[in-house]
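The stops below follow pairs of charged side chains.

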Amino acid sequence: MKIEKPKGTRDFYPQDMAWQNYITDAWRRVSIRHGFEEVDGPIFEKLDLYKVKSGDGIVSELFSFRRENGTTDFALRPEFTPTLARMVADKANSLPKPVKWFTIPNLCRAERPQRGRLREFLQWNVDLLGLEGELADAETILVAVDFLRELGVTPEHVRVKISHRDVVRNILIKLGVAEENILDAFNLLDRRDKMEVEDFEKAAMKLGLDEHRVQRFQEACRSRYRTGSLGSLCKAIGMPEEDVKELQELDDKLHALGIAEWCEYDLGIVRGLAYYTGVVYEIHESSGAERALAGGGRYDNLINLFGGPKMPAVGFGMGDVVLSNLLRDKGLIPENVAPRPDVYVIAVSDAGSEKVLPLIADLRAKGLHARFSYKTTKNMGRLLKEAVGSKAKFACILDDAEATAQVKNLDTQEQVEVGIDEIAKYLHENL
RNA sequence: GUGACUGUAGCUCAGUUGGUUAGAGCACCGCGUUGUGGUCGCGGGGGUCGGGGGUUCGAAUCCCCUCAGUCACCCCA
């Protein structure tokens with residue numbers, strides 16, 4: 001009987017796993033050097049945890065279950081933020097501030113798979129809590145940008161699109177959108193690029209905007225502004241600079257951190273969910289072809305909502321699927337992401353064969369990644385080919401010589417004779 | 001949940017208006033080239049042609065259904 005793997009899941013063969021590790025290693029390395037500490041939580045939570053902030057609408061898109069004869073509903077985690085909020089709320093008073101945490105959870109969502117979206121995926125989360133001011137927002141953006149830079153991505157490849165929920169809300173209200181229609185208006189903004197202009201206008205008018213105001217709505221939210229030009233943004237949409245002072249502070253910090261050229265303001269970015277409270281941002285491939293590479297923003301009410309104190313919070317998530325698409329399309333996949341063996345031991349005579357296993361054990365005990373051939377052939381050409389195929393840095397050739405071996409650098413083709421007892425030392429010095 | 005497209009070996013694909021026992025390259029396994037690199041040569045395993053039904057003397061090929069995958073919509077935490 002053949003059982004297929006569940007829809008939208010992946011099997012990780014060695015090559016796939018090496019690639020996955022390449023990404024997660026970089027996520028971890030970059031997080032740590034920016035002063036973030038790794039955390040994790042359960043892979044499933046009580047279903048209620050996901051209802052607190054999102055409501056029931058989201059429930060159909062998650063994998064939920066109940067133990068046989070049990071009474072509690074659980075769900076595989078579709079995101080990490082609720083778990084994080086719970087963890088922070090639980091120990092809010094004893095955690096040193098600010099809280100700088102990162103995590104690399106696998107998440108599950110019961111959606112139909114398509115490009116850039118699977119039912120199980122990895123998502124890097126970086127969150128900074130308990131720090132007032134826009135430096136916090138800027139620092140999370142810095143972490144994301146630094147990561148992308150580390151993998152060879154440039155400002156030409158991607159744009160960090162920044163917006164602010166209150167700014168957009170102000171514009172909408174000034175244009176005459178009623179308070180109770182604000183979320184619908186956000187939603188409309190979010191989808192604007194997928195809609196025909198006519199449909200967009202029709203939907204906008206439903207929210208209470210006349211023809212003239214739809215036009216201004218369009219102008220305000222479809223334009224992009226460079227960093228350092230918030231003044232002209234205000235002028236263009238007729239807004240006092242006072243109303244964008246948080247964005248201005250963020251702007252200053254982005255310049256101070258040297259990442260302003262990666263960023264731009266795009267008031268069409270609002271993010272889907274209701275819990276964001278201030279700055280929101282998404283990272284997109286420049287042409288806009290892919291879905292968002294990362295998304296985040298400020299959620300100052302969430303810790304409070306989960307029973308903790310009121311605490312400022314900002315963070316983002318980046319999924320591995322869209323990231324991999326981007327890196328592949330931009331030709332940014334390194335040739336070797338799997339670990340290279342330090343040395344490949346081969347025997348080209350019967351006497352040499354006797355020495356293989358003791359040498360292998362010795363090399364490995366001394367911390368070297370050492371491999372050998374399971375074949376019985378003594379054909380040196382064939383064995384060297386196998387060594388090269390393994391991507392080993394050195395080959396160690398054992399022959400009839402009593403106490404020495406030939407150690408060959410497979411990259412440079414240099415070959416030297418080394419005493420068998422000295423091989424580990426030689427390799428450590430020359431790797 | 002809706003729609004479009006695609007299913008032949010692990011991968012990329014051939015396969016004549018329907019006609020013998022379904023093929024190639026790469027990959028994998030083995031051997032040889034009797035001691036220095038991705039060669040070359042020989043050999044091998046592996047496919048109920050996604051599955052089921054139908055038309056036909058005969059189906060990978062034509063028709064219907066179904067399953068899976070991809071992409072788009074919905075949604076996107």
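The model is predicted: local features need pLDDT of at least 70, side-chain atom pairs count only at pLDDT 80 or more, and totals for chains, interfaces and linings use all residues. Residues are numbered from 1 along each chain as its sequence is written, chains are lettered from A and ligands numbered from 1 in the order written, and side-chain values use heavy atoms, without hydrogens and water.

**Whole structure.** A search finds 30 salt bridges (a side-chain nitrogen of Lys or Arg within 4 Å of a carboxyl oxygen of Asp or Glu).

**Arginine 33 and glutamate 150.** Select both. Their closest N and O atoms are 2.6 Å apart. Arginine 33 sits in helix α1 (residues 14-33) and glutamate 150 in helix α4 (residues 135-150), 117 residues apart. Helices (H or I, at least four residues) and strands (E, at least two) are DSSP runs, numbered from the N terminus. Arginine 33 is partly exposed, at 45% relative accessibility. Buried means under 20% relative accessible area, exposed over 50%, partly exposed in between (1.4 Å probe, protein chains only).

**Lysine 100 and glutamate 139.** Go here next. This salt bridge spans 2.9 Å, N to O. It links strand β5 (residues 99-103), which holds lysine 100, to glutamate 139 in helix α4. Lysine 100 is buried at 17%; glutamate 139 is buried at 18%.

**Aspartate 329 and arginine 115.** Their closest N and O atoms lie 3.2 Å apart. Aspartate 329 is in helix α12 (residues 320-329) and arginine 115 in the loop between β6 and β7, so the pair ties together parts 214 residues apart in sequence.

**Last selection.** Pick Arg29, Arg33, Asp146, Arg149 and Glu150: salt bridges that share partners join these into one network.
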